[in-house]
Amino acid sequence: MTKQEEDKYLEELKRSPLGIGSNEVYTNFLTDISNDLIKSFRDVIENETGSTSGDLKKSVVAFPSKNGFEIQAEYYYKFVDGGVSGVGEFSGAMSPIRSVVSNGAYSFKNLGVPQSMANSIREWSGASIEQSYAIGVNIKNYGIKPKNITDKVITDAVLERIAEDLATLTGLNIEARFNSAFDVN
């Protein structure tokens, strides 16, 4: 083999999967998994909330971390995911139109609607600020039903698939675990 043929062969080998360094293979693997999970989170958010273009869906992104990646979303994701128990205050002869959420991971303390909540409602609903405050009171009164998005995306099957793929990639037996960053107290 001539020097030119050898150089050409080595260059082709470098471009093939065999020529990719282990760090690059691992990084590509993590990127593929994070992209798959982001798509799954967005699909479940769309199915559970009925919103095809919502800010929550758009906010789901992956950030590289020391040994993998973190998937993050808007701060209120945890409330949509885990649910928020309603205050359930009804005056006089008024009775609830629907059941009040009582099994949320979080709970509203009173019917007061912060300006930031009213502004957020106005942005996604297009309602006036007065209507947004009324919607906010209604949301706080009845609560937010848990959507359990994380449980629907990060299943045992998904974790097993990741562990199997990692085992194939590294040749080691690896146990994949999901640690929630949300405090449900």
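Two strands pair if DSSP finds at least two bridges between them. Helices (H or I, at least four residues) and strands (E, at least two) are DSSP runs, numbered from the N terminus. The model described here is predicted, and local features need pLDDT of at least 70, side-chain atom pairs count only at pLDDT 80 or more, and totals for chains, interfaces and linings use all residues. Residues are numbered from 1 along each chain as its sequence is written, and side-chain values use heavy atoms, with hydrogens and water left out.

**Strands**

An open sheet of three strands has the order β4-β3-β5, and its pairing is mixed. At the edges stand β4 (106–107) and β5 (143–144), each with a single partner strand, so one side of each has no neighbour in the sheet. Strand β3 (residues 84–85) runs parallel to β4 and is joined to β4 by two bridges. Within this pairing, S85 stands opposite S107 of β4.

Strand β1 (residues 61–65) pairs with strand β2 (residues 68–72) in the antiparallel sense, over five bridges. These two strands, β1 and β2, form a hairpin with two residues between them. V61 stands opposite Q72 in β2. Strands of a sheet pair through backbone hydrogen bonds, either parallel or antiparallel.

**Helix α5**

Burial is judged by relative accessible area: buried means under 20%, exposed over 50%, and partly exposed in between (1.4 Å probe, protein chains only). In helix α5 (residues 115–125) the buried residues are M117, A118 and I121. Seen down the axis of α5, they fall within an arc of 100 degrees, so they line one face of the helix. The arc is that of the directions from the helix axis to the C-beta atoms. An α-helix has 3.6 residues a turn, so residues three or four places apart point the same way.

The buried residues of α5 pack against α6 (129–142), where contact means heavy atoms within 4.5 Å. Q115, S116 and E123 are exposed on the other side of α5. Just after α5, G126 takes a positive phi of about 80 degrees.

**Aromatic rings**

Rings of Phe, Tyr and Trp (its six-membered ring) pair if their centres lie within 6.5 Å; planes under 30 degrees apart count as stacked, over 60 as edge-to-face and the rest as tilted. By this rule there are three aromatic pairs. One of them joins F41 and Y77, whose ring centres are 6.3 Å apart with planes at 65 degrees, so the pair is edge-to-face. This pair links distant parts of the chain, with F41 in helix α2 (residues 22–49) and Y77 in helix α4 (residues 77–82), 36 residues apart. F41 is buried at 6% relative accessibility, and Y77 is buried with a relative accessible area of 5%.

The rings of Y75 and Y76 have centres 5.6 Å apart and planes at 85 degrees, so this pair is edge-to-face. Y75 counts as exposed at 59% relative accessibility, whereas Y76 counts as partly exposed at 24%.

A charge sits over a ring if NZ of Lys or CZ of Arg is within 6 Å of the ring centre and within 35 degrees of the ring normal. R98 lies over the face of Y142, at 4.0 Å from the ring centre.

**Salt bridges**

A salt bridge is a side-chain nitrogen of Lys or Arg within 4 Å of a carboxyl oxygen of Asp or Glu. A search of the whole structure finds four salt bridges, including those in the table.

| Salt bridge | N to O distance |
|---|---|
| E46 and K57 | 2.5 Å |
| K152 and E48 | 2.9 Å |
| D165 and R161 | 3.8 Å |

E46 is partly exposed, with a relative accessible area of 25%, whereas K57 counts as buried at 16% relative accessibility.

K152 in helix α7 (residues 149–153) and E48 in helix α2 lie 104 residues apart, and their pair too links distant parts of the chain. K152 counts as partly exposed at 40% relative accessibility, and E48 is partly exposed with a relative accessible area of 29%.

D165 and R161 both lie in helix α8 (residues 156–170), four residues apart, about one turn of the helix. D165 is partly exposed, with a relative accessible area of 32%, and R161 is partly exposed, with 34%.
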